[in-house]
Amino acid sequence: MNPALPPDPTLRESATFDRATIADIQRAAETGIYDIRGGGAKRRVPHFDDLLFLGASMSRYPLEGYRERCDTDVVLGDRNATYPLHLSTPVTIAGMSFGALSGRAKEALGRGASEVNTSTTTGDGGMTAEERGQSKHLVYQYLPSRYGMNPDDLRQADAIEVVLGQGAKPGGGGMLLGQKITERVAGMRTLPMGVDQRSACRHPDWTGPDDLEIKIRELREITDWEKPIYVKIGASRTYYDVKLAAKAGADVIVLDGMQGGTAATQDVFIEHVGIPTLAALPQAVQALQEEGLHRQVQLVVSGGIRNGADLAKCMALGADAVAIGTAALIALGDNSPSLDAEYRELGSAAGFYDDWQAGRDPAGITTQDDELAQRLDPVLGGRRLANFIRVMTMEAQIIARACGKAHLHHLEPEDLVALTIEAAAMARVPLAGTSWIPGQGL
Amino acid sequence: MAALSTPLETVDEFREVEPAAVDLSVCEVRELNAALHARDVVEKAARWRVSSPDGRHNIAVGLDAGIEVEIDGHVGYYCAGMNKTASVTVHGNAGVGVAENMMSGTVRVRGNASQSAGATAHGGLLVVEGSAAARCGISMKGVDIVVGGDVGHMSAFMGQAGRLVICGDAGDALGDSLYEARIYLRGSVKSLGADCVEKEMRGEHLAELGELLAAAGMDADPAAFRRYGSARTLYNFSVDHASSY
């Protein structure tokens, strides 16, 4: 019997008070505390699945699938930096901290990214030697907490990402619960072991875009204008935020939609704050175009990017690259069916596990427990991640060639239609079979 | 970018007797910082004198050498940011975030400092001879800060490590959400922040405070100070503490 169905067909489940809602109320009443979990928004929101490509036929000329080139390289941060990043694929690895992830997981991300010549990113808590050593292109996050921030690591980074927020929790700070604050994590963050580390939601020494401009110049001065400076924002008032970030001098803007993951955040925050990636991306492109900075300030999009189709759709809507976080962890082995029995012991199941905050991850990824962390082989994990990024890239190439494009960046909104009115309005492409873009007249 | 101004080209001439002189009315902050970042900066000049700062931002940031830099006038944001090893003196007032994220060395402000002085700094000594505005020592991670005058509200907010010495008064919410940083205060405090409490002043505290005051060149009696630190009741979240924030 399908467990999603009630045992008696005469029983009717409320759409408002469905079983998940009832369970939430019961849990809150019992514990007196909100639910904290990892991952991104689980609710259904308009997403890239609601878009389709128009392949070439009579009016467009396709490229030969296994014969003609379709390039995938991207340069990030060439507006001001002496040494911009030259990547072979536009699939990058999003910022995830050592602390949230094990040292071996961070190493695996670096290995996988380097194998396909793309970048990986640090997180709250600083840069580890394993990560730096295994990452050809390492983006160093500059967060409000400044845990582990130091000028030596700043200089040995390949780019600097000033983090204003993330898609799972725009307006929220970081959180790492005490069970993951081991001696090494605590040492890197200058914290007592075992405390619940809640990092600030605002930077301590600047407020607003005018200050950000000065801060960006400080980071350039410290690193002698060698490194690209990224600014990462959680998707909310995206049009204005992107304009302000670009005017403040960002070389690259990282835009993270509400499906983007987190290591530990309140469920109510994840599900109810921020906007979908699909809704944010066209706003960002519009903002850059109006400033005359589209393609000069590169746009990296993250939040629910899962495959080559999502990648191609982001490219078509005007992104320069994407970043993957949750998908990268799954590629490493997160939520593997082989661990189903252990997930069930933790009250979850393979395909559902989201207690990344708890530090008891059977896959050895979101943990600081040495024994669990040993389960992840960073070489094998890196290879799996590299495989996944190669597949994503090839899938996007297949689509791009079908649209007659010799580079992923040649994809354009004109190649897309939407399956739903909502997606058409958000993506600003026509509803399939019509020339109607909601909000733009007929 | 313009070449370095005449004063810098005469560095060798004054090497032993006079500091290298940089006039920011004729050269850019970028040129100054590039010169101070040069691998052979100590050989070129161990002492530098910067004139006409006129509130410019990001002066002498990212230093990583045992040099002395004296700045004659007021500076803007982030002066001596992320300093390592160097000794920087501002003969004037400092803007937002002076010595932010300093790792080591000494930064001295002869006048007043704007908000977020010494923010997130990991080490070294920051001396503000005048007063410091709000958020002095915010998220401090090991730095020692000595303020001759008063500090504004939310000073030492989320201070993790290091010592903040205030010879004058403190504003609202001193030491809010403090971790392990220690605060010494001679004057009055308008209010203490969440989880910040007065603690006993024992012999070891009088001794370390005496050392800090001496290092900062402050003529003050350690016995006149009170000590504040974290009650450590908010280190792990409890629903019963929800109203503490």
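How many residue pairs are in polar contact between chain A and chain B?

1. Basis of the model. This is a predicted model, in which local features need pLDDT of at least 70 and side-chain atom pairs count only at pLDDT 80 or more, while totals for chains, interfaces and linings use all residues. Residues are numbered from 1 along each chain as its sequence is written, chains are lettered from A and ligands numbered from 1 in the order in which they are written, and side-chain values use heavy atoms, with hydrogens and water left out.

2. Polar links between the chains. Between chain A and chain B there are 18 residue pairs in polar contact, both residues being at pLDDT 80 or more (a polar contact is a pair of N or O atoms within 3.5 Å; within protein, one must be able to donate a hydrogen and the other to accept it, and residues adjacent in sequence count only if both atoms are side-chain atoms). The count of salt bridges between the two chains is 6 (a side-chain nitrogen of Lys or Arg within 4 Å of a carboxyl oxygen of Asp or Glu). B:Arg30 makes a salt bridge with A:Glu221, with 2.9 Å between the closest N and O atoms.

3. Elements on the chain A side. Helix and strand names follow DSSP runs (helices H or I, at least four residues; strands E, at least two), numbered from the N terminus. On the side of chain A that touches chain B, α4 (151-156), β10 (197-198) and α6 each supply at least two residues, and the largest share, 8 residues, comes from α6(A).

4. Extent of the contact. Chain A gives 39 residues to the contact and chain B gives 36 residues, where contact means heavy atoms within 4.5 Å. About 2900 Å² is buried between chain A and chain B, and carbon and sulfur atoms give 54% of that area (the accessible area, 1.4 Å probe, that two parts lose on being put together, summed over both). In chain A, the residues that lose the most area to chain B are A:Arg198, A:Ile214 and A:Glu221, together 19% of what that side buries.

5. Nonpolar cores. The largest nonpolar core has 96 residues, and A:Leu51, A:Ile253 and A:Ile324 have the most contacts inside it (a core is a set of buried Ala, Val, Leu, Ile, Met, Phe, Trp, Tyr and Cys residues joined through side-chain atoms within 4.5 Å). Helix α14 (residues 378-402) of chain A gives the most to this core, with 8 residues. A second, separate core has 54 residues, including B:Val69, B:Cys79, B:Ala94 and B:Val147.

6. A buried lysine. A:Lys227 sits in the loop between α6 (208-222) and β11 (229-234) of chain A. A:Lys227 is buried without a salt bridge, and the nearest side chain of opposite charge, that of A:Glu226, is 4.0 Å away (buried means under 20% relative accessible area, exposed over 50%, partly exposed in between, with a 1.4 Å probe and protein chains only; Lys and Arg count as positive and Asp and Glu as negative, His and the chain ends not being counted). The side chain of A:Lys227 does reach the backbone oxygen of A:Ala157, at 2.9 Å.

7. Two further buried positions. A:Glu131, in helix α3 (residues 129-134) of chain A, counts as buried because its relative accessibility is 0%. A:Gly364, in the loop between α12 (340-345) and α13 (370-373) of chain A, is also buried, with a relative accessible area of 0%.
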